[in-house]
Amino acid sequence: MALLADGNRHAGVTPVRAHPLSDPRRGVALVGADGRECCWVPALDTLPPALRALIEQALSEREFTPTLTRLVAVSTFATPSTWTGETDRGRRRFVLKGEEDIRRLEGAALLVTDGDGVSHGIADRLALDRASRRLLERFL
């Protein structure tokens, strides 16, 4: 339940980041069950700690984007290809269906979406170890 400054109450609100990868701390919408925005939060850091913690908990339950820190192996340099990599959540093996499932983001960041629809972030492809960069470059 969200109580807005104007006194309106909204049940079943869900927080949604406006820029989940490029600026996750800024721009969060509270969206009602009907899919309409009820409230806009310009920056999470401006909220009182208890409210910020509540929103961050809801966001963490909703978002799952492991960060690839190292590529261990790829089955083939043609797609579909099975990738094995180290992430911030442990070792992960997944299928890359097509090269179009690798999205370039701002700077040297990438978003790799696997065959199950799980997105894996690479914060800075240039910061990966040399072997990982060489494997990745074959797909870019």
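Start by selecting Arg 26, which counts as partly exposed at 46% relative accessibility. The model on screen is a predicted one. Show side chains and look from Arg 26 to Asp 23: the two meet in a salt bridge, with N and O 3.8 Å apart. Asp 23 is also partly exposed, at a relative accessible area of 29%. This is one of five salt bridges in the structure.

**Arg 25 and its partners**

Which residue forms a salt bridge with Arg 25 at 2.6 Å between the closest N and O atoms? Select Asp 45 to see it. The pair links distant parts of the chain. Arg 25 is in the loop between strand E3 (14-17) and strand E4 (26-31), while Asp 45 is in the loop between strand E5 (37-43) and helix H1 (49-62), 20 residues apart.

With Arg 25, Asp 45 and Glu 56 all displayed, you have one network, joined by salt bridges that share partners.

**Gly 27 in strand E4**

Now select Gly 27, in strand E4. Is this residue buried or exposed? Gly 27 counts as buried, at 4% relative accessibility. Display its surroundings, leaving out residues up to four places away in sequence: Gly 27 touches Val 16, Arg 17, Ala 18 and His 19, and also Trp 40, Val 41, Pro 42 and Ala 43. For a sense of scale, draw a C-alpha to C-alpha distance from Gly 27 to Asp 116: it reads 28 Å, across 89 residues of sequence.

**The aromatic pairs**

The structure holds three aromatic pairs. Select Phe 77 and Phe 139. Their ring centres are 6.1 Å apart and their planes are at 50°, so this pair is tilted. Phe 77 lies in the loop between strand E6 (68-74) and strand E7 (81-87), and Phe 139 in the segment after H2, so the pair ties together parts 62 residues apart in sequence. Phe 77 is partly exposed, with a relative accessible area of 35%, whereas Phe 139 counts as buried at 3%.

Next select Trp 83 and Phe 94. The ring centres here are 5.8 Å apart and the planes are at 40°, so this pair is tilted as well. Trp 83 lies in strand E7 and Phe 94 in strand E8 (residues 90-96), so the pair ties together parts eleven residues apart in sequence. Both Trp 83 and Phe 94 are buried. Show the four residues at once: ring pairs link Phe 77, Trp 83, Phe 94 and Phe 139 into a cluster.

**The nonpolar cores**

In soluble globular proteins, nonpolar side chains tend to be buried together. Here, the largest nonpolar core has 14 residues. To find it, select the residues with the most contacts inside it: Trp 83, Leu 96, Ile 102, Val 112, Ile 122, Leu 136 and Phe 139. E6, E8, strand E10 (110-113) and H2 each supply at least two residues of this core. Which element gives the most to this core? Strand E6 does, with three residues.

Centre the view on Ile 122. Not counting residues up to four places away in sequence, Ile 122 touches Leu 68, Ala 108, Ala 109, Leu 110, Val 112, Leu 128 and Leu 136. Then look for a second, separate core of seven residues, which includes Val 28, Val 41, Leu 44 and Ile 55.

**Last stop: Arg 125**

Select Arg 125, in the loop between strand E11 (119-122) and helix H2 (130-137). Arg 125 is buried yet has no salt bridge. What is the nearest side chain of opposite charge? That is Asp 124, 6.6 Å away. Apart from residues up to four places away in sequence, Arg 125 touches Arg 104, Gly 107, Ala 108, Leu 110, Arg 133, Leu 136 and Leu 140.

Terms used
Residues numbered from 1 in each chain as written. Predicted model: local features only at pLDDT ≥ 70, side-chain atom pairs only at ≥ 80, totals over all residues. Heavy atoms only, no water. Helix = DSSP H or I, 4+ residues; strand = E, 2+ residues; numbered from the N terminus. Buried < 20%, exposed > 50% of the residue type's maximum accessible area, 1.4 Å probe, protein only. Lys, Arg positive; Asp, Glu negative; His and termini not counted. Salt bridge = Lys/Arg side-chain N within 4 Å of Asp/Glu carboxyl O. Contact = heavy atoms within 4.5 Å. Phe/Tyr/Trp six-rings, centres within 6.5 Å; stacked < 30°, edge-to-face > 60°. Core = buried A, V, L, I, M, F, W, Y, C linked by side-chain atoms within 4.5 Å.
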